[in-house]
Amino acid sequence: MFKFYRGVVAPPDLPADVVAYYESMMKKLNDTKAWKENYLAKYILSPGWQGHKEFTKTIADSEVVFEETLKASD
């Protein structure tokens, strides 16, 4: 199964309080009825939430899979 992620990216050197602010804001959005009904349901997307540490790991793990897949297709 191939997954498409939605996320917000920023420079790696953001101060911790800025990261916390935006992560909190996005979590609040993620928890709204409007997000669930007007975006996830409308576009038939699976719900899910990851904070910045988890999402960073998810993206890094995905890069490994993509690299292996591309090398195998040579």
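The chain has three helices and zero strands, where helices (H or I, at least four residues) and strands (E, at least two) are DSSP runs numbered from the N terminus. Read from that end, the order of elements is simply α-α-α. How spread out is the chain? Its radius of gyration, 15 Å, is well over the 11 Å that the globule rule gives for 74 residues, so the chain is more spread out than a compact globule. That radius is taken over C-alpha atoms, and the rule is 2.2 Å times the number of residues to the power 0.38. Along the principal axes, the C-alpha atoms fill a box of roughly 45 × 35 × 15 Å.

Before going further, a word on what you're looking at: this is a predicted model, in which local features need pLDDT of at least 70 and side-chain atom pairs count only at pLDDT 80 or more, while totals for chains, interfaces and linings use all residues. Residues are numbered from 1 along each chain as its sequence is written, and side-chain values use heavy atoms, with hydrogens and water left out.

How much of the chain is buried? Of its 74 residues, 8% count as buried; here buried means under 20% relative accessible area, exposed over 50%, and partly exposed in between (1.4 Å probe, protein chains only).

The largest pocket holds about 1300 Å³. A pocket is an open set of points on a 1 Å grid over the protein atoms alone, with protein on both sides within 12 Å along at least five of seven lines, whereas a cavity is a set of points where a 1.4 Å probe fits but cannot get out; lining residues have an atom within 4 Å of a point. Grid points are joined across faces, edges and corners, and the volume is the space filled by probe spheres set on the points. Of the 33 lining residues, Arg-6, Gly-7, Val-8, Gln-50 and Phe-55 are the closest to the pocket's centre. Helix H1 (16-30), helix H2 (33-41) and helix H3 (52-72) each give two or more residues to the lining, and H1 supplies the largest share, six residues. By type, the lining divides into 21 nonpolar, nine polar and three charged residues.

Phe-55 deserves a stop of its own. Phe-55 sits in helix H3 and counts as buried because its relative accessibility is 16%. What does Phe-55 touch, leaving aside its neighbours within four places in sequence? The partners are Tyr-5, Arg-6, Gly-7 and Gln-50, with contact meaning heavy atoms within 4.5 Å.

Last, the charged pairs. A search of the whole structure finds four salt bridges, each a side-chain nitrogen of Lys or Arg within 4 Å of a carboxyl oxygen of Asp or Glu. In helix H3, Glu-67 and Lys-71 are about one helical turn apart because four residues separate them, and their side chains meet at 3.0 Å, N to O. Glu-67 is partly exposed at 45%, while Lys-71 is exposed at 55%. Helix H2 holds Glu-37 and Lys-33, also four residues apart, bridged at 4.0 Å, N to O. Another of the bridges joins Asp-31 and Lys-27 at 3.0 Å, N to O; Asp-31 is partly exposed at 40%, and Lys-27 is partly exposed at 31%.

Key:
Nonpolar A, V, L, I, M, F, W, Y, C, P; charged D, E, K, R; others polar.
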